[in-house]
Amino acid sequence: MITAGREAWTGRLLLILMMAVTLLPFLSLFVTALHPSGTYPAGLAWPDDPQWDNFLRAFEAANMGELLKSSVLIVLGVVPVSILLGTMAGFAIGHLRVIGGRVIFLLFVLGLTLPFEGIITPLYYQIRDMGLLNTRWAIILPLIGLFMPFSVFWMRAHFVNMPGELSESARMDGANVWQLFRRIHVPLAMPAISSLGILLFLWTWNQFLLAIVLVDDPAKRTMSGALGAFQGQWGTDIPLLCAGSLLILTPTLVIFLIFQRHFVKALLQGSLKG
Amino acid sequence: MTRSAGARSAHRRPAVTKLGDPRGLVGWLFVAPALVFYAVFVLRPTVLTFQYSLYEWNGIGASTWVGLANYGKVFTDPDLSDSLVNAFQLIVFFSAIPVVLGLAIAATIRRIAASRLALVARTVLFLPQVIPLVAAGIAWSWLLASTGVINQLLSIIGLGGVTRAWLGDFATALPAVGMIGAWVLLGLCTLLLLAGMSKIDPALYEAARLDGAGPWREFVSITVPSLRQEIAVCVTVTVIAALSSFDIIYIATQGGPGNTTMVPGLQIFYLAFSEREVGMASALAVVLMVLVIACALPIQWFAKDGNR
């Protein structure tokens, strides 16, 4: 638009500076990870003899194969169920407009900004009494509940805008409510559903508090939860810790770079709605 | 269905009214599973948090009713009240820096929106938002360590005298932790504000230019006022992030040195699971939830006068 020379150049400089600050931690992790294990590298210095196999060692030390599997299992437990239940409830509240839906919706909205720390104590005793401590269910089941306010809120916002005529004509053709939902509305809601899926995936994958409180065995946690244990164990071996951290943040980074547009859009809409 | 309300009620009327009224039992079958999960794993624990907060309990033996005594301690015991004060100080870093800097960056990106630099910047600045906070904590702990990059850079520019272990120093630990939060949240704020800016009518800017407004004047009189809603969202999201921070601090400082970076989230965790003070932990949890709701309410008002 406007490109008065000096203005544009100070702008560019600011952007480049901010990008440098953003990338610095990643760069520092990477360079440090290449130093000989057990040393304390000083600042940013390319090692004389880059130890590429630090990544391999960290992969084994952090039991990364198991962790990936565990995180995937947890995501598979949380995300599809949250989407299904959230979509059904959003459909009923936003489109069918069930009797009392307004009150129920308010009840869900109440939980929208709830900090997880607020209920973690009773949650611990509840999970213990259910006999689920130290199983992946201890992360999966509460997360479905904790994500429900946002899922319902998100899907309701979609269904509220769907025209009623659509359903009426389907009903004329003899569809029951489930068929109406399954055949007409779910396909139409796919964009909203996939954005929700992206957000829930990210929040599940990065979930830390529930993992460290409810599951003792790092191999049954999410990746972030396991990283906490890894730090405790390898906190003194800086290069190895850096290599491990990089490995653990790589999956989300790769998925972000692939689905970049969707990610950004979903996160922006997510914060506007939430 | 009466005449005057006709248009509105047609709008609000249930989509389908015949065949096993979906507004009743059938509709409720759609809501029930979500409600069950929410009730069991959120509502029940929330109610229990209130209940626990009125007792003294070590999590194992019998509990003793103490009324509001736990709340009294939350506000008078310096260890606990300090964590609340720290959380509010973190707001400056988690919220003020990302919003102010985000505005500057978004305005810059908008100006050169078509360039490759702008596209790259949007992606790069967003990266911290997708990685686990734990990884951010580890990366920054190392950057801020006594042999880390920050001190190296300071020495290069001749400020070797101020180098220190930033996260281990009583005076700098809290701001240092705050910077990590600012780093994480900057990208989200930038993109939110940028999205808001793209909705501003370009004619406004043309008119301002014709009136002889410079870029600063334009920014203050057009950009910022038009972004009221987006700024409100940024502030709310980041304030909540500051109040309920946990991951970064657990990894970077564990609340230390001393109690200088202790925050309510971490304090609840310690009280409940290390010190076995379940009642105190719950009282602090209730205070935290009330604070977050008090800060989050404005977003509902702002969202209402939006375009939905």
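Helices and strands here are DSSP runs, with helices (H or I) of at least four residues and strands (E) of at least two, numbered from the N terminus. All the views below come from a predicted model.

**View 1. The annotated stretch of chain A.** An unreviewed UniProt entry annotates residues 68-259 of chain A as "domain: ABC transmembrane type-1". Across those residues, the chain is 77% helix and 0% strand, and 19 Å separates the end C-alpha atoms.

**View 2. Where chain A meets chain B.** Here 103 residues of chain A and 99 residues of chain B make up the contact. Together the two chains bury about 9200 Å², with 75% of that on carbon and sulfur atoms. On the chain B side, F30(B), F41(B) and W142(B) lose the most area to chain A, together 9% of what that side buries. You will find zero salt bridges between the two chains.

**View 3. A salt bridge within a helix of chain A.** E66(A) and K69(A) pair through their side chains at 3.8 Å, N to O. Both sit in helix α3 (residues 64-96), three residues apart, so about one helical turn separates them. E66(A) is partly exposed at 31% relative accessibility, and K69(A) is partly exposed at 47%.

**View 4. A salt bridge linking distant parts of chain B.** The closest N and O atoms of K199(B) and E230(B) are 3.5 Å apart. K199(B) lies in the loop between α8 and α9, while E230(B) belongs to helix α11, 31 residues away. K199(B) is exposed at 57% relative accessible area, whereas E230(B) is buried at 7%.

**View 5. A nonpolar patch on chain B.** L153(B), I156(B), I157(B), L159(B) and V162(B) form a surface patch of about 460 Å². Among them, I156(B) is part of helix α7 (residues 149-156) and counts as exposed because its relative accessibility is 62%.

Notes: Residues numbered from 1 in each chain as written. Chains lettered and ligands numbered in written order. Predicted model: local features only at pLDDT ≥ 70, side-chain atom pairs only at ≥ 80, totals over all residues. Heavy atoms only, no water. Patch = residues over 30% accessible without salt bridge, like charges linked within 9 Å, V, L, I, M, F, W, Y side chains within 5 Å. Areas by Shrake-Rupley, 256 points an atom, 1.4 Å probe, with all protein chains shown as cover. Salt bridge = Lys/Arg side-chain N within 4 Å of Asp/Glu carboxyl O. Buried < 20%, exposed > 50% of the residue type's maximum accessible area, 1.4 Å probe, protein only. UniProt positions renumbered as here; feature names shortened; annotations may be inferred. Contact = heavy atoms within 4.5 Å. Buried area = accessible area lost by both parts, 1.4 Å probe.
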